[in-house]
Amino acid sequence: MKAKVNEECIGCGLCVSIAEDVFRMNDEGLAEAYGEVTEENKEAVLEAADSCPVAAIEIE
Amino acid sequence: MENKMFCYQCEQTAGCSACVGSAGVCGKKSDTATFQDKLTGALIGLARASYGTAPTDSTYRLIIEGLFTTVTNVNFNDETITELIKRVHAISGGTVDYDMNELWKTDEDVRSLKSLILFGIRGMAAYAYHALMLGYEDKEVNEFFCEALKKIGDEGTVETLLPTVLKVGEVNLKCMALLDKANTQTYGTPTPVTVPLLVEKGPFIVVSGHDLKDLELLLKQTENKGINIYTHGEMLPAHAYPELKKYAHLKGNFGTAWQNQKKEFDGLPAPILFTTNCLMPPKDSYIDRVFTTEVVSFPGVSHIDDEKDFTPVINKALELGGYSEDKQLFGINGGKEVTTGFGHAAILSHAETVVEAVKSGAIKHFFLVGGCDGAKPGRNYYTDFVKLTPKDSIVLTLACGKFRFNDMDLGEIGGLPRLMDVGQCNDAYGAIQVAVALANAFGCTANDLPLSYVLSWYEQKAVCILLTLLHLGIKNIRLGPSLPAFVSPNILNFLVENFGIAPISTPEKDLEDLLK
């Protein structure tokens, strides 16, 4: 499973607060996926995708 | 990122700064935020036009409705907000609307104080609205909405605005007292009750929000129809009111606090009625079973209008059929039931026991741990804090923040439960009454009591309650999970220096400090 943040991101940081080992804020103040999705963090990543206010997290 | 909106009224605010993109963290689209600003600007225009006149009851009601509409997670619908703006213009005549961009771009301390006033009266409007629905109004409260709105539109300085900020707290105390009177005179005095988290098999309806009258009307319309009713979130304390709990089909509570709704409502075999906030943008998997009423609205979601014919909700419950077997649900700590109904009347009926327990040392400290719940992971602070409270302390709680710990059994002291749920957020009035009564019994001030306030905030009702506590001179409040983005550094310094407000740190450290 892979996570990707698309151009809809509003930079709210919610995904980072839910799954910080997969998402981080970049220099433009927007979220990006940088970490691997693992069995341990999978649930948090799905929760982050579900919680994203603009549905900017794509799970492949 | 191009700035498409400006909103920083809730605790989730993007980057603890402001939501400025295509949508807010609450899910509100930028165009909806713009319409909400226009509505607020129109209300300020109306307040200016009304200045020095005697506004009619319908003018006050429109102002209250307009302010409540802009509270976080209430209304996401451009159409209904536009309609409200038209109604405001229809009575404000040719008055020019206030441009909210003037506020957002002004000096940060002035903006901060005007924001405290605006968000405070938005929260207070919710309470005034609920009281109004039960036929209760207060002239002073109504007049203050106009005064405060006008103040936001006027030129102002830190010195001229600070008294109005604290006056929001003063008037909100009256407004919460009004709602307390409306609720208790209409539905009786709340008494402690244990509420199961078990959903019985068969058709059911989940009722969310704060509006007791909507719940009552739905209970009446579902009587003898084979449909059970379950409260959700802030509706939980309804079980404690005699005139509501008399309905045998008001069975229990479904789910936890608002921020878990996307998980908890996913695939729910029952409709959900939202009477107030907090509505989150519904997922496709359950949007067909969400209903709104009063000022709550979301595009594409069925709305029950003022005629209050809940037939579509009832039919949806029958169509979906509920669970085929009884389903035991759990609180976030694994509990199977919760308690509520420890309003000021219930607690003060044991005043002598409480006073004696304090004098004998059986009770050494009281904590008020409550406020809004929310999505941030750091909010487990409140669960951990309550778990760590000493066994010779009482924990009072209120509002939906309690779902972090209200399914835990903390035991008893002298026959009194250690954890007592005072009620909804507006029942902060009840907690204040308890504090005042205890202070009187011990001949001291509320600040001299062994009572600590550990509060969580999310939306604007928490703002008006915080201002009420400040108006009462309550000091050393711990506030979290983060401080409001709309409080500028200078204003924060003022609050720290004069009221000792501090952000939460860790449960261990805060407990140690508060018990010193």
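What follows is a run of questions and answers about this predicted model.

Me: How confident is the predictor in chain B, and what ipTM does the complex get?
Reply: Remember that this is a predicted model. For chain B the mean pLDDT is 96, and 100% of its residues reach 70 or more. For the complex, the predictor gives a pTM of 0.95 and an ipTM of 0.72.

Me: Which pattern of strands and helices does chain A follow along the sequence?
Reply: Start with the tally: chain A has two helices and four strands. Reading along the sequence then puts them in order, and the pattern is β-α-β-β-α-β.

Me: What radius of gyration does chain A have, and how does that sit with a compact globule?
Reply: The C-alpha trace of chain A spans about 30 × 20 × 20 Å along its principal axes. Buried residues make up 38% of its 60 residues. A compact globule with 60 residues would come out near 10 Å, and chain A agrees with that because its own radius of gyration is 10 Å.

Me: Among contacts in chain A between residues at least 6 apart in sequence, what share joins residues at least 24 apart?
Reply: Contact here means C-beta atoms within 7 Å. Counting the pairs at least 6 apart in chain A, the share that joins residues at least 24 apart is 56%.

Me: Which element gives the largest share of the side of chain A that touches chain B?
Reply: The contact takes 14 residues from chain A and 15 residues from chain B. On the chain A side, the elements giving two or more residues are α1 (14-18) and α2 (42-51) of chain A. By class, that side divides into seven nonpolar, five polar and two charged residues. The largest share, three residues, comes from α1(A).

Me: How is chain B divided, and how many residues does domain 3 of chain B put into the contact with domain 2 of chain B?
Reply: Chain B has domain 1 (29-183), domain 2 (193-328) and domain 3 (343-514). The C-alpha centres of domain 2 of chain B and domain 3 of chain B lie 29 Å apart. The domain 2 side of chain B has three nonpolar, five polar and one charged residues. Domain 2 of chain B gives nine residues to the contact, and domain 3 of chain B gives twelve residues.

Me: In the six-stranded open sheet of chain B, which strands are the edges?
Reply: The order is β15-β12-β11-β16-β17-β18 (chain B), with parallel pairing. An edge strand pairs on one side only, and in chain B that picks out β15 (419-423) and β18 (502-503).

Me: Which residue of β12(B) is the bridge partner of B:F366?
Reply: Strand β11 (residues 365-371) of chain B pairs with strand β12 (residues 393-398) of chain B in the parallel sense, over four bridges. In β12(B), the partner of B:F366 is B:I394.

Me: Is B:L469 buried or exposed?
Reply: B:L469 is in helix α16 (residues 460-471) of chain B. The cut-off for burial is 20 or more other C-beta atoms within 10 Å. B:L469 has 24 of them, so the call is buried.

Me: Which residues does B:L469 touch, leaving out those up to four places away in sequence?
Reply: B:L217 makes a handy reference point: B:L469 is 252 residues from B:L217 in sequence and 34 Å from it in space, C-alpha to C-alpha. With residues up to four places away left out, B:L469 touches B:Y453, B:I474 and B:I477.

How values were computed:
Residues numbered from 1 in each chain as written. Chains lettered and ligands numbered in written order. Predicted model: local features only at pLDDT ≥ 70, side-chain atom pairs only at ≥ 80, totals over all residues. Domains from an automatic or database assignment. Contact = placed C-beta atoms within 7 Å. Nonpolar A, V, L, I, M, F, W, Y, C, P; charged D, E, K, R; others polar. pLDDT = per-residue confidence, 0-100. Rg over C-alpha atoms; globule rule 2.2 N^0.38 Å. Buried ≥ 20, exposed ≤ 12 C-beta atoms within 10 Å, placed from the backbone. Pairing = 2+ DSSP bridges.
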